[in-house]
Each structure stands twice: as C-alpha cells, then as structure tokens.
Amino acid sequence: MKTSAWMKISILFVLFTFLLAACATTPATPEVSEPETTDEPVVEEPFRVALIMPSAINDLAFSQSIYDALVKIQTEMGGESGFQFVYSENMFVVDDAAAAIRDYASQGYDLVIAHGSQYGSSLREIAPDFPEVSFAHGTTVDTFVDEGITNVFAYEAASDQGGYVNGVMAGLLTESNVVGVVGPIETGDAKLYIDGFKAGVMASNPEAQVNINYTGSFSDVALASEAANTHIGAGADILTGTAQMVVGAIGVAEERGVLWFGTQSSQTSLAPSIVVANQVYDWTVVLRDIISLIKEGTLGGKAYAITLANDGLVMDFNPQYTLPESVGQAAAEAIQGIESGSITTLP
Amino acid sequence: MIEDLFSTTVLVGILASGIRLATPYLYAAIGETFGQRSGVLNLGVDGQMLLGAFAAFYVALTYQNLWLGILAAIIVGGLMGLAMAYVTVNLQAQQGISGIGFYLFGLGMSDLLFQKLLGTVETVRGFPSLYIPFLSDIPFLGDIFFRQNILVYLAYLLVPLAWFVMNKTTLGLKIRAVGENPEAADSLGVSVARVRYFSIILGGMLSGVAGASMSIALLNVFQQNMTSGLGFIAVALVYFGGWRPGGVLLGALLFSMVNALQLWIQVKGIQIPSDFAVMMPYVLTILVLVLAVQRVRPPSALTKPFERES
C-alpha cells in the first residue's frame, strides 16, 4: 500500500534526524585531540584518558575547567606521544553517560574520568566490571572504597575558599551594601561557593546584606538573567553566580553597570569592564597525582580536593579592572589566612 | 518578611521581569497556535528556537546587523517548518514522534554549528531598551512597560494581530476549517495541504524569532541548549490558552509573573526551600490548566493526518 511505504520513509527520516542529533551532542566516534600517529618507534605507550562531561568544553565553567587541565597535562607529558585523551561532552543524560563510560572502559583507556557527581551511581556499577581500568569522578569525596571498590578516585573543589575571597572583595566594594548571588541548584560545589562567598562578605562588611536566589537549573540562561535583574532591582550593586547559565546574568550585569565575580573558569572575556576577579578551578594538580599513582599500580581509593593552598584553586584578577589597593590587600590577606588555616571559610 | 513583598519596588520588578520572560513564550506559542489550529502538533518548537537563536546570533555578530539576524532566524525557522510540513503533510508521519525528531535535530545542529563556527561563548550588542519620550518617564508604569526592547513590544503586538488573522480573515477561517474538519474544507475547495504548510511554516518562523528574542535581544549570548526546554512550555501554553491567542497571552504572563515572583521571594529571604520556589510556576500552571481550562476542546483534526479519498 502507498501509505505504508510513506510510513517507512518517514520513520527512516525521523531516525535519521535522531542520528544527526546524536552525532552532534554525543560523538559516537569520540573526538581525538589531534589524531596524529608518530612515525618513530614508540618507546613507551602513551597514557590514555577518556573524559565524560555534562556540558561543553567551552562552557566557561565546570566542563571547561577539566578540559583545560587535560590540555595542560598533555603539554607537560610531551604531547601526543606521551598523553592522549578523548572526550564526550554534553552528556547531560546520565544513561548516555553510563554507556559512554562502559564503552571507554572496554576500549582499554588507562583512566576514565566522569566529570560530574551525577555519574557516581553509574560508576559504582561499572567500575567493578573493569578492575584493570582506573576511574575518577567529581565533584564528590566518595571513592566507594568502603564498598570494596578499589579503582575509583574522587575529587572535589573547596570552592568555598575562592568564594570567601570573592566575598571579602565584594563586601568592601559594595556601596549599596546589597550583594546578589545567582545560584543554580542548592547542591555540590555551587552551594559551597555560595556559602563561602556569603561568609566572606560578612567578614569584611557585616552591615552588608547577601541576597541569594536559585534558578533550579544549571542551564536556564533566561531565568538566570531575570534573577540578576531581580537582584539589581532589590538594590544589589555587586553580583556573583555559578554554573554555565550565568552567562545570562553576566550580560545583565554588564548592561546595568554592576560588578561581577566569577567562579569555575575565567569569565573575564565575556564582560571585561565589570568582572573583578574569578576563582578558577585548575585540576592539573589532582590529575598529575592520579596519573603517577596509576603508573605505580594504584588504581583508586584516594579522594582529592583542590584548594588555594595546593594551587588547584587560583584567584584570577581581571587586569582591565582597577581594584582599589586596600581591597587587593584584603584579598591577599584572605588568601593567606585560608592557606595557613587561620580563616575558616564556611560558617 | 512576607510584607516585604508588597512594596512598589518588588511589584514593579515582578511585572517588568514577567513581561520580559514571557516574550519568547509568546512568539513560540502564537506560532504553535497557528500550527495546531490547522491540525498539526509540532513538538519541535524548542529545536526551531535553538536554530533560530543561533542563526540570529551568528548573523548579528558577523554582519553587525540585528535585523539581518532576525531575518536569518525567520528563514532558518521557516525551513525547519517546511521540513516539518513535508514530513507531517506529505509523508503523514506520526506528528508527536517526528516533532521530537526535529527537536533533537535542532538541539544537535545548533550545538554543532556553535562549536564549529564560534567555539566559545561570546556576547553581542543586542537590541537596546527603547526610550520612549514621556512614556518611559512615567513613574512605575514607565519602568514596567516602556523600557523594554523592540522585540518585546512586537511580541505583544503579535497577539491582537494573530487574533485578527485567526478570527476575522478568510485565511484564518480556512486554517480553523482545516483543523476542525479537513474533509469538509477539502470538499469546499480549500487545499488542506497548502493551508497546513502555511501554518507550520509560519509557526517555524515565529519559533525562530522566539529564539532570536533570547539570543540578540534579551540575553545577547548564545549557549548550547540555551532554551533549556522553553519550547515545550510554549506547546503547553497553547493548550493552556485554549488555542486562542488571548489565552496564550494570559498563560505566558501567568507563568512568567509567577517565575518572577519566586525569584523575588528568594531574594527577600522568605524562608521556603528554593526547590519549592522554582516549582511554583509549574505547579500553578498545572493547577489552572486542570481547574479552569477543561471545557475547551482542541481542534478536532489535531494530530490526524489528512488523506484525500479518491
């Protein structure tokens, strides 16, 4: 019959669009960073890493922070011949991520990184099936070692530390004594950052009021921008926020001439005139140690935290913004105090 | 603390935010209304919006011309509509499934193009807020209504225009006839296919503009999946609005105002968990949908392919 032929064609078409979409968001053939084969005889097998992350490598936030670290490690280890990595980005569907994790593990990568706390339960199931592969995930402290799983590393960011430093500066810079925070979901390093930020503001300016709203999403750019408008309407003259959706809030801050403090990655390029400083995650210190442990034969069981003291957290000041000297001084003192342990960043 | 919410600052803030937030919903949902009144459910709105948002952003950034960006969004959205029309009208595919296919296509393709052509999140100088002499200076009202950008005004002008086209023109009559009883319309010499093509392409174009209103007017950035499901809410708003432009406007405003309200509730430090606050607009919309809109009947031929009996 005529209609059934059309049905088949239309089903095929729909399947094709599914396929196209799948190709774009989750590369079936993983993107290898510079697939180059070396002609010279290989002395040592390159260290191979596979990375799964929830958003894109250029999100100016969480995913970019780990991607940048892997690029750095690659340079340190002598490029392609010493270190290779592949990645799957935009794995916001946990089931897809679990399939990718299993895929990479069975392909014999030395280390499979699941960059998101939401992947933890998948990893708990997959890791025991591949005892010779090492896994890492974050941000969390749970390596599942108490469940007898020995090939999982965990890492987290003490984002409250940079949050505190940002908060100290915000408290000193605010003229209206109102500071606004655009939060995503009340969890993980977002909550740590926001708690640290609030403590920092309170430490430098107890008079100030810190208003916080959560949008209930990591990606709702439109709501994040309206959240920023709300803060400014409520009198805030300084804003901060976390997760990839904050690009919407930064746009509002720039348009309305309000200062911005960033976290996760440097957000200076988005609005050079209003970004004061960023807390930047640098996971290289963690990755370096994980890689050397794997080379020695230890495949997991250790939990890491990047901090200001171990240079995993870096305060990145925008050179185009002239920070008053006293404020810069206060920030430096806060960094010192946190590193030496004399300041506690969480209330 | 509750009484803090009843100040003029908060009221002005909520209304101004709500009016802005409703803008992309209006474009997308009015466009979807046309499609559904002609009998085609398009679930690909979010994908059309994403491609429209990217097209507008990229063109505006490259050629430094915002109206050219809007044109690009209209063309891209229209092409998506054309493809959807071909699949649903000519191939008579199941509409819900093919719509989801188009959504995934738009989501993936906009992301792919973004990665290849831009590679990083950038900003563009979008449509500025308009200053209207006298009107913008009226206390409170000026802040709420008369300091928005041009695309916000156009979205609200679209509502009466869509009502007029739908109810007072021959074209609107044909669209409604095709959606209610395609056989009868066909026997009277109305081309069901042509009317549905028109409605779906128009819907695609408006979805494209909805995306553009985000990427080059309200937010001035493009990011992967920046609509984060907004297009699906727009489809829900069509049901909410009882397939009438005025109802869609009410639904979009209600949803957006409550969203703006919950942001203020959090900022004012009222002690309810943030999870409950962000739920508010959704819960309220569902409640109103269940309680008030039951009597409205969808177009009879909605989701039913039309095949001419020979």
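Colleague: So two strands count as paired if DSSP finds at least two bridges between them. With that in hand, which residue stands opposite Gln279(A) in strand 11 of chain A?

Modeller: Thr263(A) does. Keep in mind that this is a predicted model.

Colleague: Okay! And how many bridges join strand 10 to strand 11 of chain A?

Modeller: Five, and the two strands run parallel. Strand 10 covers residues 259-264 of chain A, while strand 11 covers residues 275-281.

Colleague: What order do the strands of that open sheet have?

Modeller: In chain A the order is 8-7-9-10-11-13, six strands with mixed pairing. Strand 8 (209-214) and strand 13 (313-317) each have a single partner strand, so they stand at the edges with one side lacking a neighbour in the sheet. On average, neighbouring strands of this sheet are turned by 15° against each other, direction ignored.

Colleague: Which strands does helix 5 of chain A lie across?

Modeller: Helix 5 (residues 159-173) lies across strands 7, 9, 10, 11 and 13 of chain A, and runs at about 170° to strand 11. Helix 6 (residues 188-204) of chain A lies across strands 7, 8, 9, 10 and 11, running at about 165° to strand 8.

Colleague: New topic: chain B. At what angle do the axes of helix 7 of chain A and helix 11 of chain B cross?

Modeller: Roughly 50°, and the axes come within 10 Å. That angle makes helix 7 of chain A oblique to helix 11 of chain B. The crossing of these two helices is right-handed.

Colleague: Which residues in helix 11 of chain B does helix 7 of chain A meet?

Modeller: Asn259(B), Gln262(B), Leu263(B), Trp264(B) and Val267(B). From helix 7 of chain A, the residues meeting them include Leu223(A), Glu226(A) and His231(A).

Colleague: Is helix 11 of chain B mostly covered or mostly uncovered?

Modeller: Mostly covered, as 17 of its 23 residues are buried. From first C-alpha to last, helix 11 of chain B reaches 33 Å, close to the 33 Å expected at 1.5 Å a residue. After helix 11 of chain B comes Gly269(B), with a positive phi near 70°.

Colleague: Last one: which residues of helix 9 of chain A are buried?

Modeller: Thr284(A), Val286(A), Leu287(A), Ile290(A), Ile291(A), Leu293(A) and Ile294(A). Helix 9 of chain A has 13 residues, 284-296, and reaches 18 Å, close to the expected 18 Å. Gly297(A) follows helix 9, and its phi is positive too, near 105°.

Key: Residues numbered from 1 in each chain as written. Chains lettered and ligands numbered in written order. Predicted model: local features only at pLDDT ≥ 70, side-chain atom pairs only at ≥ 80, totals over all residues. Heavy atoms only, no water. Helix = DSSP H or I, 4+ residues; strand = E, 2+ residues; numbered from the N terminus. Expected span 1.5 Å × (residues − 1). Buried < 20%, exposed > 50% of the residue type's maximum accessible area, 1.4 Å probe, protein only. Axes fitted to C-alpha atoms, helices over the stretch in contact; angles between N-to-C directions. Contact = heavy atoms within 4.5 Å. Parallel < 35°, antiparallel > 145°, perpendicular 65-115°, else oblique. Left-handed = near helix turned anticlockwise from the far one by under 90°.
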